Amino acid sequence: MAEKILLIEDEEKLARMVELELRYEGYEVEKAFDGRTGLERALSGEHGLILLDIMLPALSGMEVLRRLRRESTVPVIMLTARDTVVDKVSGLDSGADDYITKPFAIEELLARIRAALRKRPAQQEAHTLTVGPLSMDVDRHEVTVNGESVELTRREFDLLHYLMENREKVISRESLLDHVWGFDFVGETNAVDVYIRFLRTKIDEAFHVKLIHTVRGVGYVVKYDV
């Protein structure tokens with residue numbers, strides 16, 4: 001399976017050039033052109049490495065890095081036109097794994113990417129789902145928000161599990177009933193709404209986050225709003 005790289009860079013011509021080179025080397029590439037969008041995509045937890053420009057609109061690269069490091073250890077290589085020692089030290093101290101100055105040779109960037117990927121800690125075998133600060137260890141039946149444990153009933157866990165497996169996809173009430181309660185469920189038709197309220201109380205309200213969303217007339221979706 002191809003390694004997926006997130007490129008957060010507001011210079012679209014440069015981003016396109018880097019994307020083409022990375023794809024030629026066999027990587028999957030996702031792009032974002034501003035800091036806020038980049039952070040939202042970075043927090044999805046689906047990337048093997050992030051290339052992060054420092055000078056970005058909406059949210060600076062340094063701020064993206066600081067917020068990302070609260071939730072993730074994904075390797076980050078900073079891209080910047082500034083070559084001062086202060087900038088390099090600031091980036092590395094904020095959690096960057098490496099630093100490359102523009103303009104750069106694509107061969108050097110590729111070498112730094114390979115080196116950063118080799119240094120990654122081995123993936124844990126546990127089946128873990130992550131959406132922003134929300135994490136679920138499926139095998140251990142554990143749920144945490146920002147590292148703090150959340151106590152859920154079996155039904156609440158199963159409902160959250162299905163929503164997290166389909167994160168950012170809107171799931172209808174009927175589909176949730178079928179997959180969580182079963183085709184032969186006999187009971188109140190508002191069971192899904194009741195358990196969604198339970199989850200919101202224990203997660204969104206308790207930890208002051210916005211993860212469980214209602215799409216009126218359609219159903220529910222789990223996604224992280226930064």
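Biologist: What volume does the second largest pocket have?

Modeller: In this predicted model, the second largest pocket has a volume of about 260 Å³.

Biologist: Which residues lie nearest its centre, and how many line the pocket?

Modeller: The lining consists of 14 residues, and those nearest the centre of the pocket are Glu40, Arg41, Ser44, Glu168 and Lys223. Sorted by class, the lining holds 9 charged, 3 nonpolar and 2 polar residues.

Biologist: Why is helix 6 called roughly perpendicular to helix 8?

Modeller: The axes of helix 6, residues 154-165, and helix 8, residues 191-207, cross at roughly 85° and come within 10 Å of one another. Angles of 65 to 115 degrees count as roughly perpendicular, and therefore helix 6 is described as roughly perpendicular to helix 8.

Biologist: Which residues make that contact, and how do they divide by class?

Modeller: Helix 6 contributes Arg155, Glu156, Leu159, Leu160 and Leu163, while helix 8 contributes Tyr195, Ile196, Phe198, Leu199, Lys202 and Ile203. The residues of this contact divide into 8 nonpolar and 3 charged, with no polar ones.

Biologist: How do you know that strand 11 and strand 12 pair, and in which direction do they run?

Modeller: Two strands pair if at least two bridges are found between them, and strand 11 is joined to strand 12, residues 219-222, by 4 bridges, with the strands running antiparallel. Among the partners, isoleucine 212 is bridged to valine 222 of strand 12, and valine 215 is bridged to glycine 219. In the hairpin of these two strands, which has 3 residues between them, glycine 217 takes a positive phi near 80°.

Biologist: How many bridges join strand 10 to strand 12?

Modeller: There are 2 bridges between strand 10 and strand 12, which meets the requirement of at least two for a pair, and these strands also run antiparallel. Serine 172 has glycine 219 of strand 12 as its bridge partner.

Biologist: What makes strand 10 and strand 11 the edges of the sheet?

Modeller: The 3 strands form an open sheet in the order 10-12-11. Strand 10 (171-172) and strand 11 (212-215) each have a single partner strand, so one side of each is left without a neighbour in the sheet. Helix 6 lies across strand 10 and strand 12, and runs at about 75° to strand 12.

Terms used
Residues numbered from 1 in each chain as written. Predicted model: local features only at pLDDT ≥ 70, side-chain atom pairs only at ≥ 80, totals over all residues. Heavy atoms only, no water. Axes fitted to C-alpha atoms, helices over the stretch in contact; angles between N-to-C directions. Parallel < 35°, antiparallel > 145°, perpendicular 65-115°, else oblique. Contact = heavy atoms within 4.5 Å. Nonpolar A, V, L, I, M, F, W, Y, C, P; charged D, E, K, R; others polar. 1 Å grid on protein atoms, 1.4 Å probe; cavity = no way out; pocket = protein on both sides within 12 Å on 5 of 7 lines; lining within 4 Å. Points joined across faces, edges and corners; volume = space filled by probe spheres on them.
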